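Here is a briefing for a reader who is new to this structure. Please look over the sequence and the model before reading on.

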Amino acid sequence: MGKAPPSASDTLSVTDDPKAWGTCTYCGDAFPPKSLKCPTCGNTRSVRPGEPVSLPPREHRHLRFVQGIRMTLVVGVVVLLAYLMVTAVFTPPASVADPLTTRGSWLLGPGNYTALGGDVTGGDYVVGNYSVSTPLGAAVTFLVFNNTEFSAFAQHRSATPLDRVTGGTSSPVVFSAPYTDNFHFVWANEYALTTGIVLTVYVVTNYESNALVE
């Protein structure tokens with residue numbers, strides 16, 4: 001006679017291990033040992049390693065579907081993080097326009113001024129040009145201040161410019177910073193308020209580094 005197959009009492013299956021974690025049959029999350037319900041969704045059914053095949057077909061298909069979705073999400077997150085890390089390494093930093101590199105027209109009422117300000121490293125240059133487009137032949141005053149002197153100028157106190165050009169309708173801009181500071185480039189309409197003369201000044205400036213490129 002053939003030997004009878006061993007009964008459940010003759011072997012210890014994985015599911016008999018009281019310390020074995022299971023899988024919730026509804027949400028697919030981890031089911032703690034000896035727990036009466038899933039801590040995630042509250043479902044009371046779980047399977048231990050090796051048990052999913054013993055589930056009813058419908059419940060088995062649902063569990064496989066949930067596990068597939070969870071795996072897809074994990075893989076998707078890993079791929080997304082890898083993509084972001086790779087692009088961060090190979091994407092150059094975004095260039096930020098220097099405030100002293102500009103191009104445009106400004107309106108200056110009588111007795112008023114406009115200014116450009118920005119940090120300039122000692123030995124670097126700010127170059128460009130300006131011209132009064134209207135009214136023809138009108139003059140504009142150009143001044144360059146360091147940060148301290150500009151504060152005094154803006155408060156209508158005595159201030160000493162590093163450069164000053166007066167009486168011209170146009171001029172090139174060539175400024176070499178003698179030291180590192182926040183410099184201000186000022187265009188002033190010095191016509192009296194009673195004249196009503198409004199200047200339109202077209203300005204082009206460029207910041208140029210004097211650093212040696214190896």
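The points below go from the overall layout to single residues.

This is a predicted model, in which local features need pLDDT of at least 70, side-chain atom pairs count only at pLDDT 80 or more, and totals for chains, interfaces and linings use all residues. Residues are numbered from 1 along each chain as its sequence is written, and side-chain values use heavy atoms, with hydrogens and water left out.

**Overall layout**

- The chain has 2 helices and 11 strands. Helices (H or I, at least four residues) and strands (E, at least two) are DSSP runs, numbered from the N terminus.
- Along the sequence, the pattern reads β-β-β-α-β-β-β-β-α-β-β-β-β.
- The chain has 214 residues, and 28% of them are buried. Buried means under 20% relative accessible area, exposed means over 50%, and partly exposed lies in between (1.4 Å probe, protein chains only).
- Among contacts with a separation of 6 or more, 67% link residues 24 or more positions apart. A contact means heavy atoms within 4.5 Å.
- Accessible areas come from the Shrake-Rupley method with a 1.4 Å probe; for residues, only the protein chains shown count as cover.

**Nonpolar cores**

- In soluble globular proteins, nonpolar side chains tend to be buried together.
- A nonpolar core here is a set of buried Ala, Val, Leu, Ile, Met, Phe, Trp, Tyr and Cys residues joined through side-chain atoms within 4.5 Å.
- The largest nonpolar core has 21 residues. Tyr130, Val140, Phe185, Trp187 and Val201 have the most contacts inside it.
- Six strands each supply at least two residues of this core: E5 (113-120), E6 (125-134), E7 (140-145), E9 (170-176), E10 (181-188) and E11 (199-208).
- E11 gives the most to this core, with 4 residues.
- A second, separate core has 5 residues, including Leu143, Phe145, Phe150 and Val186.
- Beyond residues up to four places away in sequence, Tyr130 touches several others, among them Val140, Phe142, Trp187 and Val201.

**Strand pairing**

- Strands of a sheet pair through backbone hydrogen bonds, either parallel or antiparallel. Two strands count as paired if DSSP finds at least two bridges between them.
- E6 and E9 run antiparallel and are joined by 7 bridges. Within this pairing, Gly128 stands opposite Val173 in E9.
- E6 and E11 also run antiparallel, with 9 bridges joining them. The bridge partner of Gly128 in E11 is Thr205.
- An open sheet of 3 strands has the order E2-E1-E3, with antiparallel pairing. E2 and E3 are its edge strands, as each pairs on one side only.
- E1 (residues 22-24) pairs with E2 over 2 bridges. Gly22 stands opposite Phe31 in E2.

**Two buried residues**

- Cys38 sits in the loop between strand E2 (30-31) and strand E3 (46-47). Cys38 is buried because its relative accessible area is 3%.
- Leaving out residues up to four places away in sequence, Cys38 touches Cys24, Cys27, Asp29, Phe31 and Asn43. Cys38 and Cys27 are 11 residues apart in sequence and 8.7 Å apart in space, C-alpha to C-alpha.
- Thr200 belongs to strand E11. Thr200 counts as buried, at 16% relative accessibility.
- Apart from neighbours within four places in sequence, Thr200 is in contact with residues including Ser105, Trp106, Leu107 and Ser131.

**Salt bridge and surface patch**

- The structure holds 1 salt bridge. A salt bridge is a side-chain nitrogen of Lys or Arg within 4 Å of a carboxyl oxygen of Asp or Glu.
- This bridge joins the side chains of Glu190 and Arg164 (3.5 Å, N to O). Glu190 lies in the loop between E10 and E11 and Arg164 in strand E8 (residues 163-168), so the pair ties together parts that are 26 residues apart in sequence.
- Glu190 is exposed at 53% relative accessible area, whereas Arg164 is partly exposed at 44%.
- Met71, Val74, Val75, Val78 and Val79 form a nonpolar surface patch, with about 460 Å² of accessible area together. Patches are made of residues with over 30% relative accessible area and no salt bridge; like charges are joined within 9 Å, and nonpolar side chains (Val, Leu, Ile, Met, Phe, Trp, Tyr) within 5 Å.
- Val74 is found in helix H1 (residues 57-90). Val74 is partly exposed, with a relative accessible area of 48%.
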